[in-house]
Structure formats: structure tokens, C-alpha cells
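The following exercises are to be worked from the coordinates, each with a solution in steps.

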Amino acid sequence: MTYNQIVTELRTIMQSHAMIKQVKFATPVEWLSRDEQPTYPVACYAINAGQLNKGREQVFNVQIWFLDKSGAEAEFETDVVSDQMQIAADIVSKLRIESNDWFVDNNINFDVISDKFEDYLAGVQLTFNIFTISNYDACDIPAAS
């Protein structure tokens with residue numbers, strides 16, 4: 001799969017969840033500084049690293065944030081984190097069964113986000129790898145004529 005295909009598939013999977021109101025391909029810092037007020041809960045994601053392994057294996061390092069407002073005094077923080085954790089678990093389940101074109105880490109790390117950013121947001125951030133096989137072999141490199 002290509003980078004673009006991974007980005008598109010991740011967006012499609014997250015948009016299919018009934019609780020997620022908006023999906024953004026950007027980190028929270030990026031969209032909070034430039035976008036209008038999003039509709040919450042929001043899922044945002046980034047692919048900022050990876051590996052080109054021996055053979056045709058490609059690894060994409062993915063970060064996904066599941067965020068919602070927790071109140072100016074963080075009065076809803078525990079509920080928000082709990083809800084976003086459940087959404088994250090649903091998405092991980094879909095990632096693991098949705099496609100035969102990739103597989104994800106067996107163990108996925110998460111960090112709890114509390115009272116972060118300017119909108120009093122809380123939730124969870126996942127960090128994991130997607131492994132896929134490139135459709136292109138090293139011998140398929142176009143040659144100059």
C-alpha cells in the first residue's frame with residue numbers, strides 16, 4: 001500500500017465510527033492553530049515516520065488522537081477519557097480486521113491526555129505501526145532513456 005492509501009483508509013475507518021464527529025489528518029497542535037472550531041469528539045492522526053525494510057515491507061508509524069472537551073475546570077475529564085478510550089478500542093478492532101493489505105502492532109501504546117491544548121481537551125493518543133508490503137519491487141524503478 002502507498003502512503004496515500006494508508007492515509008485514506010485510516011480516514012475512512014475513523015469516519016465510520018458513529019461517535020466521531022470530525023476526522024483531521026493533522027496533529028492537534030497543527031489544526032488548533034489554523035482551523036475554525038472543530039466539532040467534537042474529534043479524531044486526528046499523523047504519519048510522521050516509518051521504515052523501508054528488507055524486501056518490500058513498509059512500516060508506517062501512526063499517531064491517532066481521540067479528543068473531546070473536558071470542561072473549563074476539567075469536570076468531565078474522567079468521563080471524556082473513558083469514552084475516548086472506548087472509541088480508540090473500537091478503531092483498533094477495525095484496524096485489525098478491516099483489511100488484509102496490512103497488519104498492526106500486537107501491542108499498541110496509549111497516553112492519556114488531560115486538560116491539554118487551548119480548548120480544555122482530554123482523551124487518548126495511540127502510537128503504533130502499520131506493516132504492509134509494497135506493490136513495487138526494486139527492479140520496477142523507472143529508468144531514464
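**Exercise 1. The surroundings of Thr132**

Task: Determine which residues Thr132 touches, not counting those up to four places away in sequence.

Solution. Step 1: Contact requires heavy atoms within 4.5 Å. By this criterion, Thr132 touches Met1, Arg56, Glu57, Gln58, Phe60, Asp101 and Trp102. The model is a predicted one, in which local features need pLDDT of at least 70, side-chain atom pairs count only at pLDDT 80 or more, and totals for chains, interfaces and linings use all residues. Residues are numbered from 1 along each chain as its sequence is written, and side-chain values use heavy atoms, without hydrogens and water.

Step 1: Thr132 belongs to strand E6, residues 121-133; helices (H or I, at least four residues) and strands (E, at least two) are DSSP runs numbered from the N terminus. With a relative accessible area of 3%, Thr132 is buried (buried is under 20%, exposed over 50%, partly exposed in between; 1.4 Å probe, protein chains only).

Step 2: Identify its polar contacts (N or O atoms within 3.5 Å, one able to donate a hydrogen and the other to accept it; residues adjacent in sequence count only if both atoms are side-chain atoms). The side chain of Thr132 reaches the backbone oxygen of Asp101 at 2.8 Å. A polar atom of that side chain also lies 3.3 Å from the backbone nitrogen of Met1.

**Exercise 2. The aromatic cluster**

Task: State how many aromatic pairs the structure holds, and classify the pair of Tyr3 and Phe25.

Solution. Step 1: Rings of Phe, Tyr and Trp (its six-membered ring) pair if their centres lie within 6.5 Å; planes under 30 degrees apart are stacked, over 60 edge-to-face, the rest tilted. The structure holds four such pairs. The centres of the Tyr3 and Phe25 rings are 6.5 Å apart and their planes stand at 65 degrees, so this pair is edge-to-face.

Step 1: Locate both members. Tyr3 is in helix H1 (residues 3-15), whereas Phe25 is in the loop between strand E1 (22-24) and helix H2 (28-34), 22 residues apart. Tyr3 is partly exposed at 40% relative accessible area, and Phe25 is partly exposed at 33%.

Step 2: Follow Phe25 onwards. Phe25 and Tyr45 form a tilted pair, 4.9 Å centre to centre with 50 degrees between the planes. Since Tyr45 lies in strand E2 (residues 42-52), this pair ties together parts that are 20 residues apart in sequence. Ring pairs link Tyr3, Phe25, Tyr45 and Phe60 into a cluster.

Step 3: Examine Tyr45. Tyr45 is buried, with a relative accessible area of 0%. A polar atom of the Tyr45 side chain lies 2.9 Å from the backbone oxygen of Val7.

**Exercise 3. Strand pairing and overall fold**

Task: In which sense do E1 and E2 pair, and over how many bridges?

Solution. Step 1: Strand pairing needs at least two DSSP bridges. E1 and E2 pair in the parallel sense over three bridges, and Gln22 stands opposite Val42 in E2.

Step 1: E2 and strand E3 (residues 57-69) run antiparallel and are joined by 10 bridges, with Ile47 opposite Val62 in E3. Their hairpin has four residues between the strands, and Gly55 takes a positive phi near 80 degrees.

Step 2: The chain has three helices and six strands, in the order α-β-α-β-β-α-β-β-β. Of its 145 residues, 42% are buried.
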